[in-house]
Amino acid sequence: MYRILVVEDNPVICRGIAASIDENRGQLEICGMAIDGCDAQEKVERLTPDIVVTDIRMPRRSGLELAEWLHETHPKIQIIMISSYDDFSYARRALQFGCID
């Protein structure tokens, strides 16, 4: 069972991502949701997810900043970055921090 933390500042999108993951309940479990990178850091420490699915741009702490922190402090956590931006520099930076998709 893989534990997933969903990080997205838009509550509707966050619930939608969680619901789509829940459809695959056999091997995946939503362990929590966070509204930004700061909220996510606290929840990572408390909930110990295996995977973090995060938006790339959020207030307070971005998904890129969260990915950098995860890469340095929790290198075993897999990161999946979500973005509606078509700027490849975001993707290149995300890959530097170990994002897998």
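This is a predicted model: local features need pLDDT of at least 70, side-chain atom pairs count only at pLDDT 80 or more; totals for chains, interfaces and linings use all residues.

Trainee: What makes Leu5 count as buried?

Mentor: Buried means under 20% relative accessible area, and Leu5 counts as buried because its relative accessibility is 0%. Leu5 belongs to strand β1, which covers residues 2-7, and, leaving aside residues up to four places away in sequence, Leu5 touches residues including Cys31, Met33, Ala40, Val44, Leu47, Ile51 and Val53. The C-alpha atoms of Leu5 and Thr54 are 8.2 Å apart, although 49 residues separate the two along the chain.

Trainee: Why is α2 called roughly parallel to α3?

Mentor: Helix α2 (residues 37-47) packs against helix α3 (residues 63-73) at an angle of about 25°, with the axes 9 Å apart. Angles under 35 degrees count as roughly parallel, so α2 is described as roughly parallel to α3. The crossing of these two helices is right-handed.

Trainee: Which residues of α2 and α3 meet, and how are they classed?

Mentor: From α2 come Gly37, Ala40, Gln41, Val44 and Glu45, which meet Leu66, Trp69 and Leu70 of α3. By class, this contact has five nonpolar, two polar and one charged residues. Leu66, Trp69 and Leu70 are also among the buried residues of α3.

Trainee: How do you know that Ser62 caps the N-terminal end of α3?

Mentor: A polar contact needs a pair of N or O atoms within 3.5 Å, and a side-chain oxygen of Ser62 lies 3.3 Å from the backbone nitrogen of Leu64.

Technical notes:
Residues are numbered from 1 along each chain as its sequence is written. Side-chain values use heavy atoms; hydrogens and water are left out. Helices (H or I, at least four residues) and strands (E, at least two) are DSSP runs, numbered from the N terminus. Buried means under 20% relative accessible area, exposed over 50%, partly exposed in between (1.4 Å probe, protein chains only). Contact means heavy atoms within 4.5 Å. Axes are lines fitted to C-alpha atoms, for helices over the stretch in contact, and angles run from 0 to 180 degrees between N-to-C directions. Angles under 35 degrees count as roughly parallel, over 145 as roughly antiparallel, 65 to 115 as roughly perpendicular and the rest as oblique. A crossing is left-handed if the near helix is turned anticlockwise from the far one by less than a right angle, and right-handed if clockwise. Ala, Val, Leu, Ile, Met, Phe, Trp, Tyr, Cys and Pro count as nonpolar, Asp, Glu, Lys and Arg as charged, and the others, Gly among them, as polar. A polar contact is a pair of N or O atoms within 3.5 Å; within protein, one must be able to donate a hydrogen and the other to accept it, and residues adjacent in sequence count only if both atoms are side-chain atoms.
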